[in-house]
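Let's take a friendly look at the charged side chains here and how they pair up. The sequence and structure come next.

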Amino acid sequence: MLVASIHRDHRNISRLLKLLSKKLTAIQQERPVNYSLIKDTVSYLQEYAEKYHHPKEDLIYHYYLQHYPDSEGVARLDDEHEALAGLTAEFADTVDMILMDAVIPLDLFANKLNRFVGCQKEHLDLEEKTILPVLEQTLTTEDWEYLQTQWEEEDIDPLFGEQVADRFKELSAALKGP
């Protein structure tokens with residue numbers, strides 16, 4: 001079911017944000033950090049969240065807006081998704097520069113990482129605590145059945161799916177922890 005997959009994606013993204021928060025703490029304590037894990041996390045968010053997760057949410061949100069009054073500000077999620085995509089691209093560029101040995105002050109990078117994680121968490125909280133509960137209470141079984149027929153994308157998650165893509169194996173191992 002669509003809404004269950006959105007909740008699952010949110011739990012998975014939260015795990016990634018916790019990993020990034022640990023990296024932020026390590027940077028702030030001037031401990032060594034594996035920047036390629038940060039890069040992999042951002043790449044996953046760009047590839048999976050922006051190409052599969054957000055379009056899935058947008059399908060539901062747009063349907064809701066067409067059929068129900070927008071008392072909870074669901075319409076602003078389009079703008080939030082666009083802003084998050086921009087923030088993610090900007091942060092990805094910064095990580096790429098570090099991986100290409102560009103000199104970026106650690107405090108500047110830490111601020112960008114902190115902002116990135118904070119904005120992502122705020123967005124997840126908005127959806128989980130405000131928007132999704134309204135959708136789940138408002139949309140009928142028939143609405144959900146219709147929406148399911150409209151989602152034709154094959155949902156193959158390259159990190160949390162049955163088969164972890166080779167390029168995300170190190171990130172997958174890091175999420176499992178020591």
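R167 is partly exposed, with a relative accessible area of 41% (buried means under 20%, exposed over 50%, partly exposed in between, using a 1.4 Å probe and protein chains only). This is a predicted model, in which local features need pLDDT of at least 70 and side-chain atom pairs count only at pLDDT 80 or more, while totals for chains, interfaces and linings use all residues. Residues are numbered from 1 along each chain as its sequence is written, and side-chain values use heavy atoms, leaving out hydrogens and water.

Side chains of opposite charge can pair when their charged atoms come close. A salt bridge here is a side-chain nitrogen of Lys or Arg within 4 Å of a carboxyl oxygen of Asp or Glu. The model holds 4 salt bridges by this rule, including these:

| Pair | Closest N to O | Relative accessibility |
|---|---|---|
| R167 and E47 | 2.0 Å | R167 41%, E47 30% |
| K39 and D96 | 2.7 Å | K39 22%, D96 23% |

What does the salt bridge between R167 and E47 tie together? R167 forms a salt bridge with E47. R167 lies in the loop between helix 5 (141-150) and helix 6 (169-176) and E47 in helix 2, so the pair ties together parts 120 residues apart in sequence. Helices are DSSP runs of H or I with at least four residues, numbered from the N terminus.

K39 pairs with D96 in another salt bridge. Since K39 sits in helix 2 (residues 35-67) and D96 in helix 3 (residues 76-99), this pair links parts that are 57 residues apart in sequence.

Conventions: Helices (H or I, at least four residues) and strands (E, at least two) are DSSP runs, numbered from the N terminus.
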